[in-house]
Amino acid sequence: MIYTLDQLKENAPSVFATRPHQKMSQKYHFVNSLDLVDKFMNEGWNVSRASQTGKGLFSKHEVRLRHGSIPKVGDSIPEIILQNSHDGTTAFSVQTGLHRLVCSNGLTIPTSVSQSFKVRHSNFDMGEVRRLTDEFADRLPLIAGSVQKMSTKIVTFDEQLDYAKKAQNVRWVNGQKPVGLTLEEILQPLRGGDEEMNMWNTFNIVQEKFVRGGLTYKGPKRFTKMKELKNIGTVNKINTELWELAESFC
């Protein structure tokens with residue numbers, strides 16, 4: 001799905017802020033998110049997804065973009081991720097991500113695989129966009145190598161259980177899953193394409209359950225459904241730490 005500007009505004013209104021929050025000092029450097037998105041769109045990038053934390057006009061927001069000339073990595077489409085806020089909670093950053101086609105799931109690639117891009121906060125011009133586009137393309141072999149390594153790593157069910165058990169520390173603060181939720185339920189594939197027992201599928205099965213929720217399990221008193229995570233920072237943290245954990249099994 002390619003977002004129009006109206007859809008972008010509906011999902012992430014803080015992208016359209018034209019000034020910082022009034023609490024910010026004169027020293028604060030305002031980075032206009034919409035201007036950045038426009039520059040990327042002028043270079044052939046399209047907005048594929050956008051979200052923000054909370055409903056405020058200055059809140060932390062994330063915009064994911066993809067380019068038609070960038071080839072797929074396995075079963076996923078590479079994306080550039082722009083993050084920013086106008087209230088001082090998050091500095092402007094550019095990261096690498098993947099959009100997994102089979103489940104429309106957005107992944108954030110950890111810095112251990114692809115370092116965050118170094119960007120200028122002032123005078124961000126079209127030359128800077130072109131530099132980031134070229135640098136993004138140069139990183140694809142590293143990303144593809146990581147995906148390939150996990151895709152070809154065949155795992156046993158005991159190894160999958162070990163991964164899910166260690167992943168508890170990533171998803172829940174106390175490192176303990178809710179009472180009644182089993183590791184077997186977490187590892188149950190949601191689609192036939194994820195049934196092959198390799199590390200890439202295992203990572204994606206767990207990641208989707210942890211981030212998008214929807215899994216219903218029998219708690220001590222009633223059936224409970226795992227909630228979808230909405231906080232951008234939390235989602236990115238879980239994404240990257242689960243990826244790094246998966247790589248440690250390869």
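Modeller: Valine 211 lies in helix H6, which covers residues 199-212. Please keep in mind throughout that this is a predicted model.

Biologist: Is valine 211 buried or exposed?

Modeller: Valine 211 counts as buried, because its relative accessibility is 7%, and the cut-off for buried is under 20% relative accessible area.

Biologist: And which residues does valine 211 touch?

Modeller: Leaving out residues up to four places away in sequence, valine 211 touches Lys227, Glu228, Leu229, Val235 and Ile238.

Biologist: How do the axes of H6 and H7 cross?

Modeller: The axes of H6 and H7 come within 10 Å and cross at roughly 155°. The two helices are therefore roughly antiparallel to each other, since angles over 145 degrees count that way. The crossing of H6 past H7 is right-handed.

Biologist: Which residues make that contact?

Modeller: H6 contributes Met199, Trp200, Phe203, Val206, Gln207, Phe210 and Val211, while H7 contributes Val235, Ile238, Asn239, Leu242, Trp243 and Ala246. Sorted by class, the contact of H6 with H7 has eleven nonpolar residues, two polar ones and no charged ones.

Biologist: What about H4, where does that come in relative to H7?

Modeller: Helix H4 spans residues 157-171 and helix H7 spans residues 232-247, and their axes come within 10 Å and cross at roughly 150°. That angle makes H4 roughly antiparallel to H7. The crossing of H4 and H7 is right-handed.

Biologist: Who meets whom between H4 and H7?

Modeller: From H4 there are Tyr163, Lys166, Ala167, Val170 and Arg171, and these meet Ile238, Glu241, Leu242, Leu245 and Ala246 in H7. The residues of this contact divide into seven nonpolar, no polar and three charged.

Biologist: Then how do the axes of H4 and H6 cross?

Modeller: The axes of H4 and H6 come within 11 Å and cross at roughly 35°, and the crossing is right-handed. On the H4 side the contact is made by Gln160, Tyr163, Ala167 and Arg171, and on the H6 side by Met199, Thr202, Phe203, Val206 and Phe210. By class, the contact of H4 with H6 has six nonpolar, two polar and one charged residues.

Biologist: Changing topic to the strands: where is glutamate 79, and is it buried or exposed?

Modeller: Glutamate 79 is found in strand S3, residues 76-84, and it is buried, with a relative accessible area of 1%.

Biologist: So what does the side chain of glutamate 79 make polar contacts with?

Modeller: The side chain of glutamate 79 makes a polar contact with the side chain of arginine 64 at 2.7 Å, and another with the side chain of arginine 66 at 3.0 Å. Setting aside residues up to four places away in sequence, glutamate 79 also touches several others, including Ser48, Gln95, His99 and Phe136.

Biologist: What about glycine 219, where is its place?

Modeller: Glycine 219 sits in the loop between strand S6 (216-218) and strand S7 (223-225), and with a relative accessible area of 10% it is buried. The C-alpha atoms of glycine 219 and valine 179 are separated by 6.0 Å, and these residues are 40 apart along the chain.

Biologist: One last thing, helix H2: what caps its N-terminal end, and which of its residues are buried?

Modeller: Asparagine 32 caps the N-terminal end of H2, with a side-chain oxygen 3.1 Å from the backbone nitrogen of leucine 34. The buried residues of H2, which runs over residues 33-42, are Ser33, Leu34, Leu36, Val37, Lys39 and Phe40. Just after H2, glycine 44 takes a positive phi of about 95°.

Key. Residues numbered from 1 in each chain as written. Predicted model: local features only at pLDDT ≥ 70, side-chain atom pairs only at ≥ 80, totals over all residues. Heavy atoms only, no water. Axes fitted to C-alpha atoms, helices over the stretch in contact; angles between N-to-C directions. Helix = DSSP H or I, 4+ residues; strand = E, 2+ residues; numbered from the N terminus. Parallel < 35°, antiparallel > 145°, perpendicular 65-115°, else oblique. Left-handed = near helix turned anticlockwise from the far one by under 90°. Contact = heavy atoms within 4.5 Å. Nonpolar A, V, L, I, M, F, W, Y, C, P; charged D, E, K, R; others polar. Buried < 20%, exposed > 50% of the residue type's maximum accessible area, 1.4 Å probe, protein only. Polar contact = N/O pair within 3.5 Å; in protein donor to acceptor, adjacent residues only side chain to side chain.
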